[in-house]
Amino acid sequence: MSTLTLSTHSGIAAIPAHVWDGLGDGNPFTSHRFLLALEESGSVGRGTGWQPLHVTLEEGGAVVAAAPLYAKSHSQGEYIFDHAWAEAYQRAGGRYYPKLQAAVPFTPVTGARLLARDPAMRQSLLAGMTRVAEKGGASGVHVTFCTEDEAGQGAEMGFLPRVTQQFHWLNRGYGSFEDFLGALSSRKRKDLRKERARAQDFGGTIRHLTGDDLKPHHWDAFWAFYQDTGSRKWGRPYLTRAFFDCLHQTMRDDILLVLAERDGRPVAGALNFLGPDAIYGRYWGCVEDHPFLHFELCYHQAIDHAIAHGLSRVEAGAQGEHKLARGYEPVATHSLHWVGDEGFQRALADYLDREREAMGEEIEALADFTPFRRG
């Protein structure tokens, strides 16, 4: 049997792009170019609390598995909240930070985190990450927004599965937005038609920009939107201005920018990423307030694009029960957690058992509030 060799890398550039991407599932956020943009722009790395420590497994001199891994000195930008765990751990006399996070920074999007052509390698990656944590003095390993299959494999080897939820729009073979509205109750259908009419009456035009249609001045406008939203939500934006320049250079074909312009000036925008079978809403912002324009740019326009391009779903990011009324449905998301302290791991296991039961009940209850016709 061949020996597997585990290596850690302080930057994604140390791993050839074709090797890394050859292990992935086409998700734009785990692509080499996205992770490189985060590092080259200074959005992660020194001084950010996200220190790259990517892992690879080699067999016979070839990389057969990999994972995006970071040493974390805080719990910000993760969207799977463990602040209470950190406080409890530290009250008990332990050091919760650093911890290891197998994740895409600032990106609450489900996708493969344990990249491998052979699924059997996933457990070897997890075992390798626990060894890295023990050797480096990290409290544990957290794999966030992984796939359900990865969650199952992790649970088999002692990682604790956690279930949270988001709202996704699911394409059930609709030929147009009107077809989608036809699946809703009469009152909800009427409400959404009125909402779209109000939003589109803001006095300007809405444009879809992707690929070479995206120009540097569009990123100047979007940076202003992003700064406004980021300062209100997080105190300061996670991403640097240079990150968007990197996107323009290497990922503009993976992007759909929905831009509202009035009197020749961009006034609001929603940034989406395009995957093989989904569109992912990530950031929104504006410099003028107009009724319902947020919902139009972020949710309805994304549905329009998904239907027109035969995509199976729209993932519109974390939180937001207002998405329910617009046809977005509650779905489960998954993560895995391992802490080296056995007593704390047992306490977490008990907590997560109860949380998963409650989350299942919440998802079931929220499904009753979707606007679809019953029966």
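Reader: Which residue in the hairpin of β3 and β4 takes a positive phi?
Author: Gly60 does, with a phi near 60°, in a hairpin that has two residues between the strands. Keep in mind that this is a predicted model.

Reader: How do you know that β3 and β4 pair?
Author: Two strands pair if there are at least two bridges between them. β3 and β4 (residues 62-67) have five bridges, so they meet that condition, and they run in the antiparallel sense.

Reader: What makes β1 and β3 a pair?
Author: The bridges again. Six of them join β1 (residues 4-9) to β3 (residues 54-59), and at least two are needed, so these strands count as paired. They run antiparallel.

Reader: How many bridges join β4 to β7, and what do we conclude from that?
Author: Two bridges join these antiparallel strands. The condition is at least two, so β4 and β7 pair as well.

Reader: What is the order of the strands in the open sheet?
Author: The four strands stand in the order β1-β3-β4-β7, with antiparallel pairing. Ser7 has Thr56 in β3 as its bridge partner, Thr56 has Ala66 in β4 as its partner, and Ala66 stands opposite Leu115 in β7.

Reader: Why are β1 and β7 called edge strands?
Author: Each of them, β1 and β7 (115-116), pairs on one side only.

Reader: Let's move to the helices. Why is Gln301 called buried?
Author: Buried means under 20% relative accessible area. Gln301 has 9%, so the word applies. This residue lies in helix α10 (residues 293-308). Leaving out residues up to four places away in sequence, Gln301 touches Arg196, Gln200, Ile206, His208, Val258 and Glu296.

Reader: What makes the link between the side chains of Gln301 and Glu296 a polar contact?
Author: The distance is one part of the reasoning: the cut-off is 3.5 Å, and the contact between these side chains is 2.6 Å. One atom must also be able to donate a hydrogen and the other to accept it.

Reader: Why does Glu355 count as buried?
Author: Its relative accessible area is 15%, which is under 20%, so Glu355 is buried. Glu355 lies in helix α11, and beyond its neighbours within four places in sequence it is in contact with Arg162 and Val163.

Reader: Which residues of α2 are buried, and what do they pack against?
Author: In α2 (residues 32-40) they are His32, Phe34, Leu35, Ala37, Leu38 and Glu39. The elements they pack against include α1 (17-23), β2 (50-52), β3 and α9 (241-250). After α2 comes Gly42, with a positive phi near 75°.

Reader: What lines the second largest pocket?
Author: There are 16 lining residues, and the closest to the centre are Tyr79, Phe81, Thr164, Gln165 and Gln319. β9 (160-170) and α11 (342-367) each supply at least two residues, and the largest share, five residues, comes from β9. The space in this pocket is about 270 Å³.

Reader: How many residues of that lining are nonpolar, polar and charged?
Author: Seven are nonpolar, six are polar and three are charged.

Note on methods:
Residues numbered from 1 in each chain as written. Predicted model: local features only at pLDDT ≥ 70, side-chain atom pairs only at ≥ 80, totals over all residues. Heavy atoms only, no water. 1 Å grid on protein atoms, 1.4 Å probe; cavity = no way out; pocket = protein on both sides within 12 Å on 5 of 7 lines; lining within 4 Å. Points joined across faces, edges and corners; volume = space filled by probe spheres on them. Nonpolar A, V, L, I, M, F, W, Y, C, P; charged D, E, K, R; others polar. Buried < 20%, exposed > 50% of the residue type's maximum accessible area, 1.4 Å probe, protein only. Contact = heavy atoms within 4.5 Å.
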